[in-house]
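Hi everyone, thanks for making time for this. Let me put the sequence and the structure up on the screen, and then we can walk through them together.

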Amino acid sequence: MPDAARRCRYCDEPLPPQFGPAARYCCRAHRQRAYEAERAKDVDSLRRQVVKLRRALAIYERILEDIADDPACAPRVEDVLTRHITALHRARRAAAAARGE
Ligand SMILES: [Zn+2]
């Protein structure tokens, strides 16, 4: 009776009774297709995130350009950018060193 609920996670066909308890797919091809479908979902999600981040970055760039165009603000903007770029560079060098590069 418990075998009645065992179905391929890709095509939903019943799994052959001789398959072990760890079996999830009726064949290698369906295991591979399920894997590819999961990867495709990941890629779609990442593409949507990249689009959102590009939009946000464009907005921040325009804000930064507007601020930097103000002569009174330019030195402060350069100071902040210098500090952040230096911190980013140091973090990347530390990460590379931790990886043994
Ligand atoms: Zn299947």
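Let's start with Asp-12, which counts as exposed because it has 9 C-beta neighbours inside 10 Å. You'll find Asp-12 in the segment before α1, which covers 28-69.

A quick word on what we're looking at: this is a predicted model, where local features need pLDDT of at least 70 and side-chain atom pairs count only at pLDDT 80 or more, while totals for chains, interfaces and linings use all residues. Residues are numbered from 1 along each chain as its sequence is written.

So what does the chain contain? It has 2 helices and 0 strands; these are DSSP runs, numbered from the N terminus, with at least four residues of H or I for a helix and at least two of E for a strand. The chain's radius of gyration is 26 Å, well over the 13 Å from the globule rule for 101 residues, so the chain is more spread out than a compact globule. That radius is taken over C-alpha atoms, and the rule is 2.2 Å times the number of residues to the power 0.38. Along its principal axes, the C-alpha trace spans about 80 × 35 × 20 Å.

How much of the chain is buried?

Now the helices. α1, with 42 residues, reaches 60 Å from first C-alpha to last, close to the expected 62 Å; the expected span is 1.5 Å times one less than the number of residues. The number of buried residues in α1 is 0, so α1 lies largely in the open.

Technical notes
A residue is buried if 20 or more other C-beta atoms lie within 10 Å of its own, exposed if 12 or fewer, and partly exposed in between; C-beta atoms are placed from the backbone.
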